[in-house]
Amino acid sequence: MTRMFRSMSKSGMAAALHWSGANAFIGSSAGRVQPFVLGFHSVVPDPRAHAGRAIPANLISIGMLERQLDWIGQRYRFITLDELGAQIESGAPFSRPAAAVTFDDGYAGVYHHALPLLKRKGIPAGMFVVTESIGRTQLQIQDKLYLLLSHVVPALRHSESRFLELFDGKRIRLRQGIRPGSMHDIGGLMRQLFTTLPQQTLLRVVAALETVSHIEDKEYPDLHAMDWEMVSALDRSGMIIGSHTQTHALLTIEKPDRVVNQLAGSARTLELKLGKPVSHFAYPDGRFNPEVVSAVARAGYRWAYTTCTHRDPLHPSLTIPRTLLWEDACLDIFRRFSSNLMSCHASGVISWLTSCKQSHDSEVSAAPLSSAQPAPDASSADSNGILRRSMFS
Ligand SMILES: [Zn+2]
Ligand SMILES: [Zn+2]
């Protein structure tokens, strides 16, 4: 499917759902108001300047961030993650539509570009940082891998056999080989490697790719993480700092002792640096299973955030759904901001259409999704219902 066709189908379907009222129907769950928890990554002045230089779905411009936050602010009350967590723990229903804002990965652009906007608008937010990346100019592994693949795969003329030869004798085993078409889909190839290989193996993949092409980390300043002064400034300004592990390891594919270290080590570092307990955690890539959720609980976190609507019924506060947004998330075919698409994100309809493919390794993921009230739409900003399709209870 071409990009344009995808965009047409997405915006067309959004409009159809919106105007038919199906949006509200899909998003309804016994009339309960559900919170809308947003997840962003890096904020940059102009994402077009980063074409081919960053994972596209991780970018949002300052202008689009403001546009999306304004849309939400007209329909929801922004609350802090502590307020959100306390309300979920209490089991009491949300009496008014509420939204909470989060940023993952701790990019410096969030400090430079999002913080001034959030302060000006009085919007609280949670920042999930990768502790070992703070204050370093080395790129985080997901960005390094994406950039290297973007250079190496074309250099190998998209040859799968030449690509796989790079891994010979390097203790890198791709369980299912390379998925068909991946040599012409850098994003898909990156996701396959990133979501199936433990981080120690990924580091060997990076080293193998670097035998073909080298990435100068310092040439990508917009992908650098914040330093500790920036993290402290965010903390002092009232933003909540949470953990996103030590090294952005996907916990579902790491060994148990690594999981413990990633969870406890990052919390310990943040508590030492900030002088306060760390209660919030975001799963890298939204990956969780019952063992990981239990480890998060044992590490002392009270609230943890995913990127889909699946919940762990034993730990609902540790599987809080989020909706990820980025520059193109709400653009129609003409690349105009679409209130209908935004409404479909808010209602959970987009999540429903693109359902989470993760198994979460158990009955945890099987819980069916229900949802909340009619979505607030562009013409009835006060009509309040929230359509979050989730299982908050
Ligand atoms: Zn992340
Ligand atoms: Zn899921």
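Me: Is Ser-317 buried or exposed?

Reply: Please note at the outset that the model is predicted. A residue counts as buried when its relative accessible area is under 20%. Ser-317 has a relative accessibility of 14%, and therefore it counts as buried. Ser-317 is placed in the loop between strand 9 and strand 10.

Me: Which residues are in contact with Ser-317, leaving aside its neighbours within four places in sequence?

Reply: They are Ile-88, Glu-89, Arg-302, Trp-303, Ala-304 and Arg-311.

Me: How many helices and strands are there in the protein, and what share of its residues is buried?

Reply: The protein has 15 helices and twelve strands. Of its 393 residues, 56% are buried. As for contacts between residues at least 6 apart in sequence, 70% join residues at least 24 apart.

Me: How does one describe two packed helices, and what is the case for helix 3 and helix 5?

Reply: Two packed helices are described by the angle between their axes and by the distance between those axes. Here, helix 3 (residues 62–73) packs with helix 5 (residues 108–121) at an angle of about 30 degrees, and the axes are 10 Å apart. Their crossing is right-handed. On the side of helix 3, the meeting residues are Ile-62, Leu-65, Glu-66, Leu-69 and Asp-70, while helix 5 contributes His-113, Ala-114, Leu-117, Leu-118, Arg-120 and Lys-121. By class, this contact has six nonpolar, one polar and four charged residues.

Me: Which residues coordinate the zinc ion (ligand 1)?

Reply: Asp-105 (OD), His-244 (NE2) and His-248 (NE2) coordinate this ion, at 2.1 to 2.2 Å. Along the chain, these donors follow the spacing D-x138-H-x3-H. Asp-105, in the loop between strand 5 (98–104) and helix 5, and His-244, in the loop between strand 7 (240–243) and helix 11 (256–274), are 139 residues apart, and the pair links distant parts of the chain. Both Asp-105 and His-244 are buried.

Me: What is the phi of His-248, and where is this residue found?

Reply: Most residues other than glycine have a negative phi. The phi of His-248, however, is near 60 degrees, a positive value in a residue other than glycine. His-248 is found in the loop between strand 7 and helix 11, and it is buried, with a relative accessible area of 5%. Arg-171 also has a positive phi, near 55 degrees. Arg-171 lies in the loop between helix 7 and helix 8, and at 66% relative accessibility it counts as exposed.

Me: Which residues are the protein donors of the zinc ion (ligand 2), and why is their arrangement called tetrahedral?

Reply: The donors are Cys-308 (SG), His-310 (ND1), Cys-356 (SG) and His-360 (NE2), which lie 2.1 to 2.3 Å from the ion. Four donors count as tetrahedral if all angles lie between 85 and 135 degrees. Around the zinc ion (ligand 2), the four donor atoms subtend angles of 95 to 118 degrees, so the arrangement is tetrahedral. His-310 is in the loop between strand 9 (303–305) and strand 10 (323–324), and His-360 is in the loop between helix 14 (349–353) and helix 15 (363–366), so this pair ties together parts that are 50 residues apart in sequence. His-310 is buried, with a relative accessible area of 11%, and His-360 also counts as buried, at 3% relative accessibility.

Definitions and conventions:
Residues numbered from 1 in each chain as written. Chains lettered and ligands numbered in written order. Predicted model: local features only at pLDDT ≥ 70, side-chain atom pairs only at ≥ 80, totals over all residues. Heavy atoms only, no water. Donors = N, O, S within 2.8 Å, 3.2 Å for Na, K, Ca; no water. Tetrahedral: all angles 85-135°; square planar, octahedral: opposite > 155°, others 65-115°. Helix = DSSP H or I, 4+ residues; strand = E, 2+ residues; numbered from the N terminus. Buried < 20%, exposed > 50% of the residue type's maximum accessible area, 1.4 Å probe, protein only. Axes fitted to C-alpha atoms, helices over the stretch in contact; angles between N-to-C directions. Left-handed = near helix turned anticlockwise from the far one by under 90°. Contact = heavy atoms within 4.5 Å. Nonpolar A, V, L, I, M, F, W, Y, C, P; charged D, E, K, R; others polar.
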